Amino acid sequence: METPKLLDPFARPVTYLRLSVTDRCDFRCTYCMAENMTFLPKKDLLTLEELDRICTAFIGLGVRKLRITGGEPLVRKGIMGFFEGMGRHLDSGALDELTLTTNGSQLHRFASDLYAAGVRRVNISLDTLNEDKFADITRWGRLPQVLKGIDAALDAGLKVKINAVALKGFNEDEVFDLTSWCADKGMDLTFIEVMPMGDMGTENRIDQYWPLTELSDKLATRFTLSELDESTGGPARYVRLEETGQKIGFITPLTHNFCESCNRVRMSCTGQLYTCLGHDGMSDLRAPLRASDDDAALTEAIHAAIARKPKGHDFDYSRQGIQGQTIRHMNHTGG
Ligand code: SAM
Ligand code: SF4
């Protein structure tokens with residue numbers, strides 16, 4: 001096997017980049033951002049050409065999987081051109097997978113173009129199938145538009161995974177509905193534990209916190225859950241529901257330690273590289289990128305950042321208050 005080109009100090013190869021292409025969004029999910037969010041001035045954002053250059057540099061250094069996120073990635077003007085550009089790395093075999101996480105609002109417009117660019121899987125976030133609850137939790141989102149987007153994605157041939165944030169008192173009663181709806185449509189389903197991101201008011205997040213152990217116990221009242229031995233290098237664990245054959249994921253960054261196998265880094269739309277979800281330490285890649293047209297300084301900055309990747313994070317709701325709370329918003333680095 002070829003030696004990995006990006007190895008962190010704990011001998012973990014970095015093969016996965018999650019890139020936020022915008023901090024803007026057409027929704028205002030209550031657990032993600034404030035309604036009157038102030039967004040970055042456009043001039044601070046990397047241009048689409050710069051995003052392409054950085055991704056290409058990472059791919060040259062051994063990144064095999066690229067996930068585009070945001071904010072809402074599909075609201076960034078011209079983003080389809082970026083996806084088409086990244087398609088060349090799939091064609092050359094340098095990249096294994098190009099994928100995105102989206103709220104689904106624009107998929108009815110873009111699903112087939114995404115497929116044409118080489119995207120084969122999308123994660124679509126959806127916490128409820130109830131139209132009123134959907135409008136409440138997303139503030140500006142409308143369920144029928146997202147459902148139309150999901151159907152467009154399936155029709156285009158994209159494999160869809162639904163990501164639902166588990167929220168106490170909000171979608172506890174929908175676990176079985178979401179599960180069977182996904183089964184009917186042939187979609188995978190992953191539940192996400194709400195995370196202490198940003199400065200959204202600590203108390204609310206603790207009130208909404210619904211441990212996935214409880215959610216999984218609830219599923220077990222109706223289904224036989226078999227643990228799947230699948231490691232993604234991330235905070236997800238998977239079970240199979242024996243009765244339906246369905247695969248269900250649980251993303252539990254707060255209660256499970258997944259750091260030993262971490263293979264990923266995150267980059268904001270301004271070129272800040274975060275090497276750990278739970279640490280605010282970041283490395284600026286925009287300055288070395290803009291310093292010269294050749295990639296020597298950029299490559300050096302990437303290596304230097306990876307050499308500082310922390311061993312792990314320290315979120316913990318069980319202590320008084322929230323320890324290990326980071327100050328950045330989820331839409332900044334994309335989760
Ligand atoms: N706008 C896109 C979307 O909603 O899918 C991509 C960006 S969004 C920040 C990525 C994921 O983060 C979504 O699945 C969203 O539900 C999740 N998320 C946002 N805030 C969160 C929080 N505080 N805790 C857990 N997940 C969160
Ligand atoms: Fe927008 Fe996604 Fe955040 Fe919701 S979770 S506000 S859709 S970025």
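A: Strand β6 holds threonine 190; helices (H or I, at least four residues) and strands (E, at least two) are DSSP runs, numbered from the N terminus. This is a predicted model, in which local features need pLDDT of at least 70 and side-chain atom pairs count only at pLDDT 80 or more, while totals for chains, interfaces and linings use all residues. Residues are numbered from 1 along each chain as written, chains are lettered from A and ligands numbered from 1 in the order written, and side-chain values use heavy atoms, without hydrogens and water.

Q: Is threonine 190 buried or exposed?
A: Buried means under 20% relative accessible area, exposed over 50%, partly exposed in between (1.4 Å probe, protein chains only). Threonine 190 counts as buried because its relative accessibility is 1%.

Q: Which side chain makes a polar contact with threonine 190?
A: A polar contact is a pair of N or O atoms within 3.5 Å; within protein, one must be able to donate a hydrogen and the other to accept it, and residues adjacent in sequence count only if both atoms are side-chain atoms. Here the partner is lysine 161, at 3.4 Å.

Q: Which polar atoms lie close to ligand 1?
A: For a nitrogen atom of ligand 1, a polar backbone atom of tyrosine 31 is 3.1 Å away, and one of glycine 71 is 3.0 Å from a ligand nitrogen atom. On serine 125, a polar side-chain atom is 2.5 Å from an oxygen atom of ligand 1.
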